[in-house]
Every structure is written in structure tokens, then in C-alpha cells.
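Subject: A structure for you to explore

Hi there,

Here is the structure I promised to pass on to you. Please open it alongside this email, and then read on for what turned up in it.

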Amino acid sequence: MTLGSYTYVTLFIRPESTPQVHVSFYTPRLTVCAGLLLNEPQPYLKFSSPEANVHISTTGAGPVTDADLATAREIFTAAARYLADCEQLHAEQADKDATDPAT
């Protein structure tokens with residue numbers, strides 16, 4: 001079953017635990033942008049849909065640390081994997097559609 005496009009946000013609050021916010025984007029209306037803030041040399045990464053935004057930046061909105069570099073590299077690696085998986089599945093679906101007599 002395939003659902004329509006959607007975005008949802010969940011807040012988990014448990015006794016004696018750090019609260020957690022989960023944001024899930026399942027929409028073609030997702031936009032992603034990155035840049036530097038003009039008034040401070042601070043990089044940012046932003047994921048947005050009409051329903052929610054997620055902003056990622058440096059630790060404490062301060063100077064870039066070794067940990068920030070490590071996080072940026074993890075984001076890059078994960079994004080490359082996501083792209084590769086999407087391209088592979090898209091190609092497989094196109095091949096299936098091309099050979100399916102019902103389409």
C-alpha cells in the first residue's frame with residue numbers, strides 16, 4: 001500500500017529522559033538548501049516542507065568544531081547512499097514498467 005504524500009512530527013516525552021522530536025518527510029514538496037549565514041560565518045543545512053522545517057548547524061551555533069566536521073561528513077555519506085538507492089530503485093521500476101504488458 002502506498003500512502004499519499006505527508007509530513008509528520010512526533011514529540012516523545014518520557015519521565016527521566018531527554019525529550020525527542022522526530023520529523024518524517026514523505027513528500028515531493030521537500031526542499032533542501034545549505035549556505036552560510038550572512039552576519040556570522042556559520043554554515044547551515046535546511047530541510048523544509050510546507051508543514052515542517054529542520055535546521056542543522058554548528059555546535060551551539062558557534063565556530064566549526066571537529067565534531068561538526070564529522071557530522072557533516074556523515075550527512076554527506078548518508079545523502080550519497082540515499083541518492084544511490086533512489087537511482088537504483090528508480091531504474092529497476094523503469095525496467096519493470098517497460099517490460100510489463102499491463103502498462
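Predicted model: local features only at pLDDT ≥ 70, side-chain atom pairs only at ≥ 80, totals over all residues.

Which element gives the largest share of the lining of the second largest pocket?

**The pockets**

Let's begin with the general idea. Rolling a probe the size of a water molecule over the atoms shows where empty space is left.

The largest pocket holds about 480 Å³ of space. Its lining is made of 14 residues, and those nearest the centre are Phe25, Leu30, Val32, Phe47 and Tyr82. If you sort the lining of the largest pocket by residue type, you get 13 nonpolar residues, 1 polar residue and no charged ones.

Now for the second largest pocket, with about 280 Å³ of space. It is lined by 14 residues, and Pro43, Ile56, Asp68, Ala72 and Ile75 are the closest to its centre. Two or more residues of the lining come from each of β4, β5 and α1. Here is the answer to the opening question: α1 gives the largest share, with 6 residues. By type, the lining of the second largest pocket divides into 10 nonpolar, 3 polar and 1 charged.

You will find Ile56 in strand β5, and it counts as partly exposed because its relative accessible area is 31%, between the 20% and 50% cut-offs. Tyr44 is 12 residues away from Ile56 in sequence, and their C-alpha atoms are 5.6 Å apart in space. Compare that with Thr18, which is 38 residues from Ile56 in sequence and 19 Å from it in space, again C-alpha to C-alpha. Thr18 belongs to the loop between β1 and β2 and is exposed, with a relative accessible area of 65%.

Which residues make the nonpolar surface patch? They are Val9, Leu11, Ile13, Val21 and Val23, and the patch covers about 470 Å². Both β1 (6–12) and β2 supply at least two of its residues. Ile13 sits in the loop between β1 and β2. With a relative accessibility of 62%, Ile13 is over the 50% cut-off, so it counts as exposed.

**The salt bridges**

How many salt bridges does the count come to? The count is 2.

One of them joins the side chains of Glu51 and Arg29, at 2.7 Å from N to O. Glu51 is in the loop between β4 and β5, while Arg29 is in the loop between β2 and β3 (31–36), so this pair ties together parts that are 22 residues apart in sequence. Glu51 is partly exposed, with a relative accessible area of 44%, and Arg29 is partly exposed with a value of 44%.

In the other salt bridge, the side chains of Arg81 and Asp85 meet at 3.0 Å, N to O. Arg81 and Asp85 are 4 residues apart in helix α1, which means that about one helical turn separates them. Arg81 counts as exposed at 56% relative accessibility, whereas Asp85 counts as partly exposed at 28%.

**Two backbone angles to look at**

Most residues other than glycine have a negative phi.

Glu16 has a positive phi, near 60 degrees, and is a residue other than glycine. Its place is in the loop between β1 and β2. Is Glu16 buried or exposed? Glu16 is exposed, with a relative accessible area of 87%.

Ala61 is not a glycine either, and its phi is positive at about 55 degrees. You can find Ala61 in the loop between β5 and α1, where it counts as partly exposed at 42% relative accessibility.

Happy exploring, and do write back with any questions!

Best wishes

Definitions and conventions. Residues numbered from 1 in each chain as written. Heavy atoms only, no water. 1 Å grid on protein atoms, 1.4 Å probe; cavity = no way out; pocket = protein on both sides within 12 Å on 5 of 7 lines; lining within 4 Å. Points joined across faces, edges and corners; volume = space filled by probe spheres on them. Nonpolar A, V, L, I, M, F, W, Y, C, P; charged D, E, K, R; others polar. Patch = residues over 30% accessible without salt bridge, like charges linked within 9 Å, V, L, I, M, F, W, Y side chains within 5 Å. Areas by Shrake-Rupley, 256 points an atom, 1.4 Å probe, with all protein chains shown as cover. Salt bridge = Lys/Arg side-chain N within 4 Å of Asp/Glu carboxyl O. Buried < 20%, exposed > 50% of the residue type's maximum accessible area, 1.4 Å probe, protein only.
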